[in-house]
Amino acid sequence: MHGTERKAMTETWLKKHRQIYVGATRHPFILAIRDGSVDLSSFKRWLGQDYIFVRAFIPFVASVLLKAWKESDDSTDIDVILGGMAALNDEIEWFKKEASKWGVDLPSVVPQQPNLDYCRFLESLISPDVDYTQAITAFWAIEAVYQDSFAHCLEDGSKTPGELKETCQRWGNEVFGQYCHALQSIANRRLEKATDDVVAKAEVSLLRILEHEVEFWNMSRGPV
Ligand SMILES: Cc1ncc(CO)c(N)n1
């Protein structure tokens, strides 16, 4: 990375990896929500799988909080991450309510392989060997994919069915957008000062996340 401008590293990466980023944020499942053609059984499958994912996401976010507390040069990072944890608390309650609305019995949902793979990946990032810069970059990427995807379903001209609007609002709303932006700013600040090795690891985990997100959306299609 010598001589390379490291300001706004994450924006540079999204341009460089645009194809996979678009694959993760404009997936056929999202496009089907947006044009109103989504199959409700796909939505229910996604809902059950995402509840399992979010439960695994909580300890990952807790690990990012712990890393921030130990390693961060800016104490306000903690406030941003804590806000994310608070949102997850709401999210868990929302999943339970939404699942009962759609007749999805959460305790009996079986995690599918792509979900297990993604959760395993999250677990690998909890390791103390993964430093804060890599972890916060991953955290931003995971949240940003959902923000960008669901915000697309709320844009002018979208035909998102009324009963799915609340789901899209959850991640597509302006406040969640600002929160993702705050995470992105932290990631950029850290990446600017990181060693080449850490920067390379953060880029690889961004790519892995985008791949996992595509596979995650693919599960909505159901077993083939
Ligand atoms: C698979 C997946 N990625 C990202 C998010 C955002 O929190 C989520 N809920 N689920």
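**Getting to know this chain**

Q: Quick one to start: what radius of gyration would a compact globule with 224 residues have, and what does the chain have?
A: This is a predicted model. With 224 residues, a compact globule would come out near 17 Å, and the chain has 17 Å, so the two agree.

Q: And what box do the C-alpha atoms fill?
A: Roughly 50 × 35 × 35 Å, taken along the principal axes.

Q: OK, what's it built from, how many helices and strands?
A: Ten helices and zero strands.

Q: How much of the chain counts as buried?
A: 36% of the 224 residues.

Q: Which residues touch the most other members in the largest nonpolar core?
A: That core has 50 residues, and Val64, Ile136, Phe139, Trp140 and Ala141 touch the most other members. Helix α7, residues 132-152, gives the largest share of this core, with twelve residues.

Q: Tell me about Val64, what does it touch?
A: Leaving out residues up to four places away in sequence, Val64 touches Ile81, Ala135, Ile136 and Phe139.

Q: Switching topic: what surrounds the ligand?
A: Asp50, Phe53, Val54, Ile142, Glu143, Val145, Tyr146, Glu213 and Phe216. The elements giving two or more residues to that shell are α4 (40-71), α7 and α10 (196-218).

Q: Which one gives the largest share of the shell?
A: α7 does, with four residues.

Terms used:
Residues are numbered from 1 along each chain as its sequence is written. This is a predicted model: local features need pLDDT of at least 70, side-chain atom pairs count only at pLDDT 80 or more; totals for chains, interfaces and linings use all residues. A nonpolar core is a set of buried Ala, Val, Leu, Ile, Met, Phe, Trp, Tyr and Cys residues joined through C-beta atoms within 7 Å. A residue is buried if 20 or more other C-beta atoms lie within 10 Å of its own, exposed if 12 or fewer, and partly exposed in between; C-beta atoms are placed from the backbone. Two residues are in contact if their C-beta atoms, placed from the backbone, lie within 7 Å. A residue is near a molecule or strand if its C-beta atom, placed from the backbone, lies within 6 Å of it. The radius of gyration is taken over C-alpha atoms; the globule rule is 2.2 Å times the number of residues to the power 0.38.
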